[in-house]
Amino acid sequence: MSEKTFAKATKAIIDGDAENAADWAKRGLDEGIEPLKLLEQGFVPGINEVGDLFSKGKLFIPRLIKSAAAMEKATAIINAAIPQEEEIAQGRIVLGTVQGDVHDIGKTIVVALFKANGFEVLDLGRDVPNDKIIEEAEKFGADVIGTSTLLTTTMVLQKELEEELKSAGLRDKYKTIIGGAPVTQRWADRIGADAYAHDASDGVRKLKELLINR
Ligand code: B1M
């Protein structure tokens, strides 16, 4: 049953059919598929396939945009269905996609899972300058600052954030966590970020570790 749903979800994203994607998101949840599993096994393979076709020149910007819109619609439905922890807030995190980058589908999934796990989250959205991230972290009383990036050209902004925190004398005040498709543990080590997460569940694990080791 769920295999068919996953295949239909994948196809809806590849076709860039937002209505169908929303429909399969609802049907999957009605079937009792766990929300993250539905995203990761149904919808994410679709958007990854679209990315591959795009990089091979077999699919162009207008289709990429339609598929992204379908993905956004399905993600919103599924994120809203992630069960919420009863537990009170475990810590505060400010996060956003770095300046120059408008990719936010993955970041939004991460935000939904952080909230569901009882963290207080301030989501600054996408294309966010580093000085704004720091300013909002100060106002929010954040414990952790998180950044996401999907473009190799904007990864450097994560490095610059570390440097800006240092020159403002704030580096020890916050833990930092980074993610996004081109980001790796190696990059985190190189720039001095405190943690790297490869997906949303890993993000929750790493965030808990960061807060324990504060
Ligand atoms: Co763009 N795009 N795109 N795109 N796009 C990529 C990233 C690309 C790899 C496609 C390709 O060529 N194969 C390529 C980048 C190449 C590179 O940098 N080397 C690319 C390009 C080139 C571009 C444009 C430049 C295209 C153009 O205009 N010529 C342009 C850039 C615009 C800009 O940002 N300035 C562009 C635009 C777009 C759309 C707007 C159409 C759309 C984004 C819509 C949106 O996000 N609202 C889009 C999309 C959808 C993609 C692909 C196809 C899919 C991204 C996605 O949503 N993945 C992408 C190809 C790909 O990645 N396979 C591609 C699904 C999502 C669930 O995964 O975001 O990785 P992900 O998030 C994961 C983990 O990474 C992790 O957890 C998430 C959940 O598991 N994670 C974190 C992410 N952030 C985290 C933070 C954490 C922890 C974990 O802690 C803080």
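I began with strand 3 (residues 144-148) and strand 4, which run parallel and are joined by five bridges; strands are DSSP runs of E, at least two residues, and helices runs of H or I, at least four, numbered from the N terminus. Two strands count as paired if DSSP finds at least two bridges between them. The model is predicted: local features need pLDDT of at least 70 and side-chain atom pairs 80 or more, while totals for chains, interfaces and linings use all residues. Residues are numbered from 1 along each chain as its sequence is written, and side-chain values use heavy atoms, without hydrogens and water.

I looked up the partner of Thr147 and found Ile178 in strand 4. Four of the five residues of strand 4 (175-179) are buried, that is, under 20% relative accessible area with a 1.4 Å probe, protein chains only.

Strand 3, helix 7 (residues 156-167) and strand 4 form a right-handed β-α-β unit; right-handed means that, with the strands pointing away from the viewer, the path from the first strand over the helix to the second runs clockwise. Strand 4 also pairs in parallel with strand 5 (residues 195-196), over two bridges, and Ile177 stands opposite Ala195. The crossover from strand 4 through helix 8 (residues 185-191) to strand 5 is right-handed.

Last, I examined the largest nonpolar core, of 39 residues, where Phe43, Ile93 and Phe114 touch the most other members. A nonpolar core is a set of buried Ala, Val, Leu, Ile, Met, Phe, Trp, Tyr and Cys residues joined through side-chain atoms within 4.5 Å. Helix 5 gives the most to this core, eight residues.

Definitions and conventions:
Buried < 20%, exposed > 50% of the residue type's maximum accessible area, 1.4 Å probe, protein only.
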